[in-house]
Amino acid sequence: MKKILLLAVLAGGLAFGQSKKVVASDVHWWGYKVAKSEASSHDGTVKVKSGNMVMKGNQLVGGTFVLDMTSINSTDLTGEYQAKLNGHLKNGDFFEVEKYPTATFKITSVKKNNDKIYNSLVTGDLTVKGKTNAVTFPAKISYSKGVVSLVSNKFTIDRQKFDVTYKSTMQDVFLKDDIDMLVKVTAK
């Protein structure tokens, strides 16, 4: 009886996938002023608070990542200017981290991509400030010795779809709607 139960548990795990806990991450963002160029942008990081990736065999089939929006940080500036920009990013001007301390990304599908480096297209539901929209990005996914790695190519999201708007008299005249992101996540 114990053998039958053990086989049922193992079969269930293979049918539904095996969850791997995120152990390392690097999420980088770029926001742009008037023109989308390196000279008119700011960039920085946001930390992954928690997450998991679900494997079925050696294929990524799902997962969820929780971003700690209170950790959003500009890395292209220092000192007073960095503190001012970080304050704007965290307050009601943009992400309202007191009200929305986390954002989530839930993988809904992973498909083969015909790119030699970024072999997969990852689609998921991104929720920021209580607004959820589908996001798709190319990614290099590898799985070896129980460790899964996902490295995205740089991709763009439209901040307006998530109500991430600059609350000023000039509103969004000087800011592009594009936020570019690059995501690296490792789970085991």
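**Strands and aromatic rings in a predicted model**

Reader: How many bridges join strand β2 to strand β3, and in which sense do the two run?

Author: Strand β2 (residues 41–56) and strand β3 (residues 59–74) run antiparallel, and 11 bridges join them. Two strands count as paired if DSSP finds at least two bridges between them, and strands (E, at least two residues) are DSSP runs numbered from the N terminus. This is a predicted model, in which local features need pLDDT of at least 70 and side-chain atom pairs count only at pLDDT 80 or more, while totals for chains, interfaces and linings use all residues. Residues are numbered from 1 along each chain as its sequence is written, and side-chain values use heavy atoms, with hydrogens and water left out.

Reader: Which way do β3 and β4 pair?

Author: They pair in the antiparallel sense, over 6 bridges, and within this part of the structure L67 has A103 in β4 as its bridge partner.

Reader: Changing topic: how many aromatic pairs are there?

Author: The structure holds 3 aromatic pairs. One of them is formed by F105 and F137, whose rings lie 5.7 Å centre to centre with 45° between the planes, a tilted arrangement. Rings of Phe, Tyr and Trp (its six-membered ring) pair if their centres lie within 6.5 Å, with planes under 30 degrees apart stacked, over 60 edge-to-face and the rest tilted.

Reader: Where in the chain do F105 and F137 sit?

Author: F105 belongs to strand β4 (residues 102–112) and F137 to strand β6 (residues 131–144), so to speak of this pair is to speak of a link between distant parts of the chain, 32 residues apart.

Reader: Are F105 and F137 buried or exposed?

Author: Both are buried, meaning under 20% relative accessible area, where exposed is over 50% and partly exposed lies in between (1.4 Å probe, protein chains only). For F137 the relative accessible area is 4%.

Reader: Why is the pair of F137 and F155 called stacked?

Author: Because the ring centres of F137 and F155 are 4.5 Å apart and their planes stand at 15°. This pair also links distant parts of the chain, joining F137 in β6 to F155 in strand β8 (residues 155–158), 18 residues apart. F155 counts as buried, at 9% relative accessibility.

Reader: Which residues form the aromatic cluster?

Author: F65, F105, F137 and F155 form one aromatic cluster.

Terms used
Helices (H or I, at least four residues) and strands (E, at least two) are DSSP runs, numbered from the N terminus.
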